[in-house]
Amino acid sequence: MDLNSLTIDAARSAVQERKTTAMSLAEAFFSKIGKDDPQIGAYLTLSQERALEQAARMDSLAARGEQLPPLGGVPVGIKDVMVTRGVRTTAGSKILGNYIPPYDCTAVARMEAAGAVVLGKLNCDEFAMGSSNENSAWHPVHNPRDLSRVPGGSSGGAAAAVAANMAVAALGSDTGGSIRQPASFCGVVGLMPTYGRVSRYGLIAFASSLDHIGPLTKTVKDAATVLRTIAGRDHMDSTSADVPVPDYVAELEKPVRGLKLGVAKEYFGEGLDSEVRQSVEAAIQKLAESGCEIVPVSLPHTEYAIPTYYIVATAEASSNLARFDGVRYGYRARDAHTLAEMYRRSRDHGFGAEVKRRIMLGTYSLSAGYYDAYYLKAQKVRTLLVGDFEEAFKKVDAIVTPTSPTAAFKLGEKVDDPLAMYLADIFTVTADLAGIPGISVPCGKTKENLPIGLQILGKHFDESTILRVAHAYETEHGMKN
Amino acid sequence: MRGRKSGQESRRDTKMKVTEKDVAYVADLANLELTEKERCVLLRDLNSILDYIDRLNQLDTTDVPPMAQVSDRYGVDQSQTGSARFAYAGRDDVHEGLRKSLPHEVALQNAPDSDGTFFKVPKVIER
């Protein structure tokens, strides 16, 4: 049995049935990380002690013949933007280089309560700001499918760890595509749930009206299992919705025949790589063969999504990141003589170039004289973008698109052109702005053997349908890695 | 879409939107110092990004209401209005009294400088 390539159910069953132990499973993953991660760079911090304690707990449950919880003994990684009590959490930033959180993120706590073994913290773009993971203050991540390429971002470490068998599953975060785009680049499944579906308590905030936590996994079923674990109201996050959590795993088995899938021409225009187009169109054809009805829809404001996103997200970021001032935690510049100088110098030395760029853009668009022209304007266009989806979802059950206009690009290719980098998110930011759920599932490879992702977008709180479509595609037509 | 050309794209003001003075002013608001080199790069980047963002002005949004976030539209009881819509968000622990704070020493654990009771910062008041 290759312990590193197991899915969630297979790993849990192996521990439950005593074919292996949670301890050997965890050790197999740490050893794999020790061997392969120096080339990939997915992990920033390992939490051996915490992992082995949890594994021992799961082993003693299994030894007593007790039923393991749904993630019992399953080794997982956590993107470094979710706080973990006693385990260094940096958000990929030097400003939090030595930060040891005094509490746990709710999503992480729920994973552990369901038996998951947390191996460590995964690399990401600084404060989740980026589309290639090259904005990590520590080191870039290399795409395990081709080490000369980026893994996508900002959850690049999470996608790479799952793709490289260095975690069974991972938690990532998605503000503009940061779960789905790296999942697509690395050939794994990535799910962004509905806004409010999963508590963000303990998620280091980037843009609060857009931030989501969700899973990156090897299979759609694993994504459903993780979502079932982390979803649901949390009194520590007032933005977590009071909506019942269905059994996403049971819902997977419902037939997809008769479902209406929308295809929007705006997602197949200029700028879409021809191999990606072919692969996604073929996937849509296969879903039609499975009995889905393909319906043309229009999302006319799509071309305004990126400019809207970069106003809204940076405005919120400039406010959220004001808390990093060198007073209560994080980096402090030692050479400052006044309080103002200390704030400024700490932020100057602590933040990287992209974070400063976004703070500046966000501060500018909120500043007196520019608020109406930029921030208010973007909020209004957001209403139009949401309206596009509301209209489309009157006609269809889900919408299928490419996840990203291209496959993984080369490291260094876009670092000097922030606008080109922002455009990598063109098909993913819309769902964040509208608050709807989206999943990326592998749907083929380019001639250079790079993974391509199919994105399925759903109605608010209807993760069941997009998971079901993704599962049907994966089981009937999916490409095995 | 990225490639779609638009005739209305406003190129009428060829002058830069953001000047060096603006960069300095905004950096001040954002509590950033920035080196001379960073200011130059930001001047270029902000102008290029804002030029792109200009395409929002192609849309007439006069009668469109702004949206700050989506959670008052979905996943809430639509028959309720105002704060009643979010009655569920009232925290049990607050209803019953304040939640316990972090213990003092835990709260100070990550402090860059502390005297054991307070966070220490450079002198604020000159005397």
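Two residues are in contact if their C-beta atoms, placed from the backbone, lie within 7 Å. In chain A, 76% of the contacts with a separation of 6 or more join residues 24 or more positions apart.

The model is predicted, so local features need pLDDT of at least 70 and side-chain atom pairs count only at pLDDT 80 or more, while totals for chains, interfaces and linings use all residues. Residues are numbered from 1 along each chain as its sequence is written, and chains are lettered from A and ligands numbered from 1 in the order in which they are written.

**The two chains**

A residue is buried if 20 or more other C-beta atoms lie within 10 Å of its own, exposed if 12 or fewer, and partly exposed in between. Helices (H or I, at least four residues) and strands (E, at least two) are DSSP runs, numbered from the N terminus.

The C-alpha atoms of chain A fill a box of roughly 65 × 55 × 45 Å along the principal axes. The radius of gyration, taken over C-alpha atoms, is compared with a globule rule of 2.2 Å times the number of residues to the power 0.38. For 481 residues a compact globule would have a value near 23 Å, and the 21 Å of chain A agrees with this.

**Helices in chain A**

Helix 5 of chain A covers residues 156–163, and eight of its eight residues are buried. Among them are A:Gly156, A:Gly157 and A:Val162. A:Asn165, which follows helix 5 of chain A, has a positive phi, near 60°.

Helix 7 (residues 220–230) and helix 16 (residues 463–477) of chain A pack at about 155°, with axes 9 Å apart. Axes are lines fitted to C-alpha atoms, for helices over the stretch in contact, and angles run from 0 to 180 degrees between N-to-C directions. Helix 7 of chain A is therefore roughly antiparallel to helix 16 of chain A (the cut-off is over 145 degrees). Residues making the contact include A:Leu227 of helix 7 and A:Leu467 of helix 16 of chain A.

**Where the chains meet**

In all, 66 residues of chain A are in contact with 50 residues of chain B. Helix 13 of chain A gives the most to the side of chain A that touches chain B, with eleven residues. That side divides into 32 nonpolar, 19 polar and 15 charged residues. Here Ala, Val, Leu, Ile, Met, Phe, Trp, Tyr, Cys and Pro count as nonpolar, Asp, Glu, Lys and Arg as charged, and the others, Gly among them, as polar.

Notes:
Angles under 35 degrees count as roughly parallel, over 145 as roughly antiparallel, 65 to 115 as roughly perpendicular and the rest as oblique.
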